[in-house]
Amino acid sequence: MKIWVDADACPVVMREILFRAAERTQTPLTLVANQHIRVPPSQLIRMIQVPSGFDVADNEIVQRVEKGDLVITGDIPLAAEVIEKGALALNIRGELYSKENIRERLNMRDFMETMRSSGIQTGGPAALSKTDRMEFANQLDRQLAKLKQLKK
């Protein structure tokens, strides 16, 4: 089992949580981004820099992810693709995407995109709160524990 991070949009504070979790659970962690992102010296943590371009990092993750891996992303189409491959997807607010809820999330994303393209101001997501960070860390720990149990 590995953790893959869609790192271009992953805040530093969430990356720090991921680095600690990877070391604590001895789980390989790979950040994928189109810009260089600093990672701590570790046998478990690495960074893959991909060329700039639309969905290049997402495509790299989809190509490499395997059943049972965990992908950290706020990109709902990417989440849908990795779920289709048997991986789990978790966003930085601690929401776990699943086969049961991903279709609804894709529909809402498409609806909001239609609203924005028609000129309606929808606003962006709220700033990350301490509660969001805590929920992310807790959900990450729960999922890593479950995945480790499945591997035994």
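Me: Which residues of helix α2 are buried?
Reply: Bear in mind that this is a predicted model. Helix α2 covers residues 56–64. Buried here means under 20% relative accessible area. The residues of α2 that are buried are A57, D58, E60, I61 and V62.

Me: What do the buried residues of α2 pack against?
Reply: Their partners include strands and a helix. The helix is α3, residues 76–84. The strands are β1 (3–6), β2 (29–33) and β4 (70–72). In short, the buried residues of α2 pack against β1, β2, β4 and α3.

Me: Which element gives the largest share of the largest nonpolar core?
Reply: That core has 25 residues, and V5, L18, L29, L31, I72, F136 and L140 have the most contacts inside it. Two or more residues come from each of β1, α1 (12–25), β2, β3 (45–49), β4 and α5 (130–151). The largest share is six residues, and it comes from α1.

Me: How many residues are in the other core, the one with A57 and I102?
Reply: This core lies apart from the largest one. A80 and I83 are also among its members. Its residue count is 19.

Me: D69 is buried; which side chain of opposite charge is nearest?
Reply: D69 lies in the loop between α2 and β4. A salt bridge would need a side-chain nitrogen of Lys or Arg within 4 Å of a carboxyl oxygen. D69 has none, as the nearest side chain of opposite charge is 5.7 Å away. That side chain belongs to K2.

Me: Which residue of β6 is the bridge partner of A89?
Reply: Strand β5 covers residues 88–90. Two bridges join β5 to β6, and the two strands run antiparallel. The bridge partner of A89 is Y97.

Me: Is R46 buried, partly exposed or exposed?
Reply: R46 lies in strand β3. Buried needs under 20% relative accessible area, and exposed needs over 50%. The relative accessible area of R46 is 39%, so R46 is partly exposed.

Definitions and conventions. Residues are numbered from 1 along each chain as its sequence is written. This is a predicted model: local features need pLDDT of at least 70, side-chain atom pairs count only at pLDDT 80 or more; totals for chains, interfaces and linings use all residues. Side-chain values use heavy atoms; hydrogens and water are left out. Buried means under 20% relative accessible area, exposed over 50%, partly exposed in between (1.4 Å probe, protein chains only). Helices (H or I, at least four residues) and strands (E, at least two) are DSSP runs, numbered from the N terminus. Contact means heavy atoms within 4.5 Å. A nonpolar core is a set of buried Ala, Val, Leu, Ile, Met, Phe, Trp, Tyr and Cys residues joined through side-chain atoms within 4.5 Å. Lys and Arg count as positive and Asp and Glu as negative; His and the chain ends are not counted. Two strands pair if DSSP finds at least two bridges between them.
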